[in-house]
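Colleague: Could you take me closely through the ligand site of this model, and then through what you can say about the parts beyond it? I would like the cut-offs stated as you go.

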Amino acid sequence: MSKTTDWREKEARYFMRAGRRMPILTVRGEGSFLFDEAGKRYLDFFGGPATISLGHSHPVIVDALTDQARKLIHVSNQFYSIPQLQLAELLIEHSVFDRVYFMNSGAEANEGALKLARKWGKEKKHGAFEIIAAENAFHGRTLQAVTAGGTERYKAPFGPLPPGYVHVPFNDVDAIKRATNANTVAVFLEPIQGEGGIIVPDDDYLKQVRAWCDEQRLLLILDEVQTGCGRTGRMFAYELFGIEPDIMTLGKGIGGGVPLSAFLAKEHAAVFAPGDHGTTYGGEPLMTRVGYEVMRYMVEQDLPAQVASKGKIVERRLHSLLDRCPSVTGVRGKGLMWAIEFNRDIGERLTNAALENGLIVNNVRPNAVRLTPPLTVSDEELEQGLAILEHVIEGDVAPK
Ligand SMILES: *Cc1c(COP(=O)(O)O)cnc(C)c1O
């Protein structure tokens, strides 16, 4: 493909129109940077989103992929494999959970977690099945995951939707209490809502939810597909809020860019028996080897602590922007997941302007821009990217 117009024409001709794309043809990634076909360099503060945890083509990942590809790429889950066992051990040792199951995507990990909760309800809570989930939540695009999610336009075209979900406002424990009934089996939440616009709940919200779940004997399932694996400045966001969920799902950052996800459970919630669940690719040696090396790197380098200190840089600069820039109405986030909210719907325009200036961010909401750079981003790159963003925001004088 030589001409810059080719790829737009090809896309228009061949693809199902299900998503939006940024207008660049990416050909290479290195660390915090992406390169387009013309060789133009972009600082990538989108990163997947929140998927390119170690940056683009980190040597640890490239070595893991090439070495493992020579040894063993795929084997059925009817066999043992070394990388799967190593990753399982590492995740269990560094979390509060007892058991893990590997899948390929965040939505699938959530499906697994929801199935686990349903079975737990059948066996341990008189057939309770109902899941309390949050408005504005995002859990992926399978039918169960969109149903559990809180965005109407993601589910409206696909009804009838699977039953057994009720939605309550996020960050409102009383709403969860009111929604609880004899059929309730679990509360299913993102600790910080990601696609919803980086919505950080009050410090004690999850503690109160945990206490309610204990009182009512409900499972607490946290979707840490976006918040997990160092993103918030702790290895898992439940640590940030001082609680322990019964079940947690991981995706995105765990594979550093390869399709890998997992759901983990405490012993009492790990009720699957042989035959209850399965997957062809989930947990295969190639992906779990990458996941193992990514997670080992995070542990050995104490990446979460580095993320926490880089988060302070972002926090300081964004708060100063909030103070001096009238169009900025809010900044929120933890670690290296942040959103800037504006007084009007200029997210797309700012995202495009940033792109022209060599910075990739994402308009997570019409009125908000999200930053989820690689966890390995250097302080210098961070300052550089934030300077571009400030320049674009402060120079935004286009009419409403
Ligand atoms: C991205 C995301 C998902 C879905 O992950 P996929 O790999 O796209 O299926 C689920 N939950 C959260 C919180 C996410 O951010």
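Modeller: I begin with the ligand, where a backbone N or O atom of Ala107 lies 2.8 Å from an oxygen atom of the ligand, a polar contact in the sense of a pair of N or O atoms within 3.5 Å, where within protein one must be able to donate a hydrogen and the other to accept it, and residues adjacent in sequence count only if both atoms are side-chain atoms. This is a predicted model, in which local features need pLDDT of at least 70 and side-chain atom pairs count only at pLDDT 80 or more, while totals for chains, interfaces and linings use all residues. Residues are numbered from 1 along each chain as its sequence is written, and side-chain values use heavy atoms, with hydrogens and water left out.

Two further pairs involve nitrogen atoms of the ligand: a backbone N or O atom of Phe138 is 3.4 Å from a nitrogen atom of the ligand, and an N or O atom in the side chain of Asp223 is 2.7 Å from a nitrogen atom of the ligand. The residues around the ligand (one heavy atom within 4 Å of it) are Ser105, Gly106, Ala107, Asn110, Phe138, His139, Gly140, Glu190, Asp223, Val225, Gln226 and Lys252.

Asn104 sits in the loop between strand S4 (99-103) and helix H5 (106-124), where helices (H or I, at least four residues) and strands (E, at least two) are DSSP runs numbered from the N terminus. A polar atom of the Asn104 side chain lies 3.3 Å from the backbone nitrogen of Gly282. Neighbours within four places in sequence aside, Asn104 is in contact (heavy atoms within 4.5 Å) with Pro259, Leu260, Ser261, Thr279, Tyr281 and Gly282.

Turning to helix packing, the axes of H13 (residues 347-356) and H14 (residues 379-394) come within 9 Å and cross at roughly 130°, the axes being lines fitted to C-alpha atoms over the stretch in contact and the angles running from 0 to 180 degrees between N-to-C directions. H13 and H14 are therefore oblique to each other, given that angles under 35 degrees count as roughly parallel, over 145 as roughly antiparallel, 65 to 115 as roughly perpendicular and the rest as oblique. In this pair, Leu350, Ala353 and Ala354 of H13 meet Ile388, Val392 and Ile393 of H14, and by class the contact has six nonpolar, no polar and no charged residues, where Ala, Val, Leu, Ile, Met, Phe, Trp, Tyr, Cys and Pro count as nonpolar, Asp, Glu, Lys and Arg as charged, and the others, Gly among them, as polar.
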